[in-house]
Amino acid sequence: MLVMFVGADRTETAVNAAQVTFVSSVTDGTRIRFGEGRSVTVVEPIAEVMERLNVILRRDD
């Protein structure tokens, strides 16, 4: 399932919650990492990112 965030460059960013491998706080916002060294930085705080990802993943159970 896709979750929408605002990228650090202020563009809309869609993230596939099932592919997220690591989430960390950075000075620009929150970095969301995926496999194979891919990542995206979004402006939402880490608590909001985690909550939105968890809601989507719980919905799939």
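**Loops, strands and exposure**

Reply: Let's start with Arg10, which sits in the loop between strand S1 (2-6) and strand S2 (12-16). Strands (E, at least two residues) and helices (H or I, at least four) are DSSP runs, numbered from the N terminus. This is a predicted model, where local features need pLDDT of at least 70, side-chain atom pairs count only at pLDDT 80 or more, and totals for chains, interfaces and linings use all residues. Residues are numbered from 1 along each chain as its sequence is written, and side-chain values use heavy atoms, leaving out hydrogens and water.

Me: Why is Arg10 called exposed?

Reply: Exposed means over 50% relative accessible area, buried under 20%, and partly exposed in between (1.4 Å probe, protein chains only). Arg10 has 63%, so Arg10 is exposed.

Me: And what makes Glu36 count as exposed?

Reply: Its relative accessibility is 80%, so Glu36 gets that label too. Glu36 lies in the loop between strand S4 (29-34) and strand S5 (39-42).

Me: What is the phi of Arg10, and what is that of Glu36?

Reply: Phi is near 70° for Arg10, a positive value in a residue other than glycine. For Glu36, phi is near 60°, again positive. Most residues other than glycine have a negative phi.

Me: What makes the protein as compact as a globular protein of its length?

Reply: Reading along the sequence, you get β-β-β-β-β-α. The radius of gyration is 11 Å, close to the 10 Å that the globule rule gives for 61 residues, so the protein is that compact. The radius is taken over C-alpha atoms, and the rule is 2.2 Å times the number of residues to the power 0.38.
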